[in-house]
Amino acid sequence: MSRFVLEQSKEGLHLADTFVRQHPLLIDFSSGQFNHRLRKVAIKREFIARAVGIKQGTTVLDCTAGLGRDAFLLASLGCQVTMIERSTVVALLLEDALSRALRDPDLSDIAMRINLLVLDSRRYLSNMIEVPDTIILDPMFSDRKKSANAKGEMQILQRFLGRDMGIIELFESAMNTQCRRVVIKRSVHDKLKLPREATNVLTGSSIRFDIFLR
Ligand SMILES: C[S@@+](CC[C@H](N)C(=O)[O-])C[C@H]1O[C@@H](n2cnc3c(N)ncnc32)[C@H](O)[C@@H]1O
């Protein structure tokens with residue numbers, strides 16, 4: 001039997017890790033904790049909003065969709081977001097979560113501002129026609145502290161996908177576009193040396209954003 005199982009329940013599509021006693025991964029933008037953050041979000045206070053430099057209608061390309069939290073948060077602040085995910089399983093979970101959000105009167109306006117593409121972002125970036133205001137990258141780094149600290153759903157995602165390969169290549173592909181703002185989100189403990197100096201760095205207690213402007 002395979003370790004990871006994709007199942008449909010009445011709540012939605014979820015990914016279970018049969019080796020670990022833990023709630024399966026179900027992406028739910030209406031869940032208590034996430035919704036609380038959405039309601040409390042204030043543009044000035046939310047770190048990611050400052051990193052992305054958002055104004056109403058800012059277009060964002062999220063090249064590492066994952067659980068879609070950053071994309072959803074940015075869309076809740078008025079951004080038009082295209083998110084890209086290369087794992088077809090994760091993309092199925094995202095699609096399911098987005099379709100539930102579209103049917104939820106409290107979330108549908110936000111979900112309508114999000115578009116999901118399923119492919120490798122490096123390929124998308126090398127043929128990109130419409131240039132977004134900001135590109136954001138949040139790959140799974142190898143940092144052990146981050147893995148140890150990752151909570152709940154992100155832990156399952158890390159076990160399922162492992163470390164993201166091709167991070168530097170992804171970063172260079174983003175930097176080689178005409179986009180004027182590229183942002184990398186990572187743990188403050190991450191040691192990966194990027195091939196370029198950031199224009200600006202926003203550092204919080206656990207997360208930092210390296211911002212590259214042209
Ligand atoms: C740490 S998660 C992102 C979490 C996300 N920011 C959120 O808020 O939920 C990283 C995700 O990026 C995806 N990813 C990594 N490299 C990618 C690439 N080159 N193209 C598309 N997706 C990629 C991985 O499959 C994984 O799902």
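Which residue follows α8, and is its phi positive or negative? I looked this up first. Gly 162 follows α8, and its phi is positive, near 75°.

**Ground rules.** I noted that this is a predicted model, in which local features need pLDDT of at least 70, side-chain atom pairs count only at pLDDT 80 or more, and totals for chains, interfaces and linings use all residues. Residues are numbered from 1 along each chain as its sequence is written, and side-chain values use heavy atoms, with hydrogens and water left out.

**Whole chain.** I counted nine helices and nine strands; helices (H or I, at least four residues) and strands (E, at least two) are DSSP runs numbered from the N terminus. I then checked the radius of gyration, taken over C-alpha atoms, against the globule rule of 2.2 Å times the number of residues to the power 0.38. The chain has 17 Å, which agrees with the value near 17 Å for a compact globule of 214 residues. The C-alpha trace spans about 45 × 40 × 35 Å along its principal axes. I found 49% of the 214 residues buried, where buried means under 20% relative accessible area, exposed over 50% and partly exposed in between (1.4 Å probe, protein chains only).

**Helix α8.** I went back to α8, which covers residues 152-161. Ile 156, Leu 157 and Gln 158 are buried there.

β1 (residues 4-8) pairs with β2 (residues 13-17) in the antiparallel sense over five bridges. Phe 4 has Asp 17 in β2 as its bridge partner. Four residues lie between these strands in the hairpin, and Gly 12 in the turn has a positive phi of about 145°. I found another antiparallel pair in β8 (residues 200-203) and β9 (residues 207-213), with four bridges. Here Val 201 is partnered by Asp 210 in β9, and three residues join β8 to β9 in a hairpin.

**Ile 27.** Where does Ile 27 sit? I found Ile 27 in the loop between β2 and α1 (32-40). Is Ile 27 buried or exposed? Ile 27 is buried, as its relative accessible area is 5%. I listed its contacts (heavy atoms within 4.5 Å). Not counting residues up to four places away in sequence, Ile 27 touches Gly 66, Leu 67, Leu 93, Leu 94, Ala 97 and Arg 100. Leu 67 is 40 residues from Ile 27 along the chain, and their C-alpha atoms are separated by 6.4 Å.

Conventions. Two strands pair if DSSP finds at least two bridges between them.
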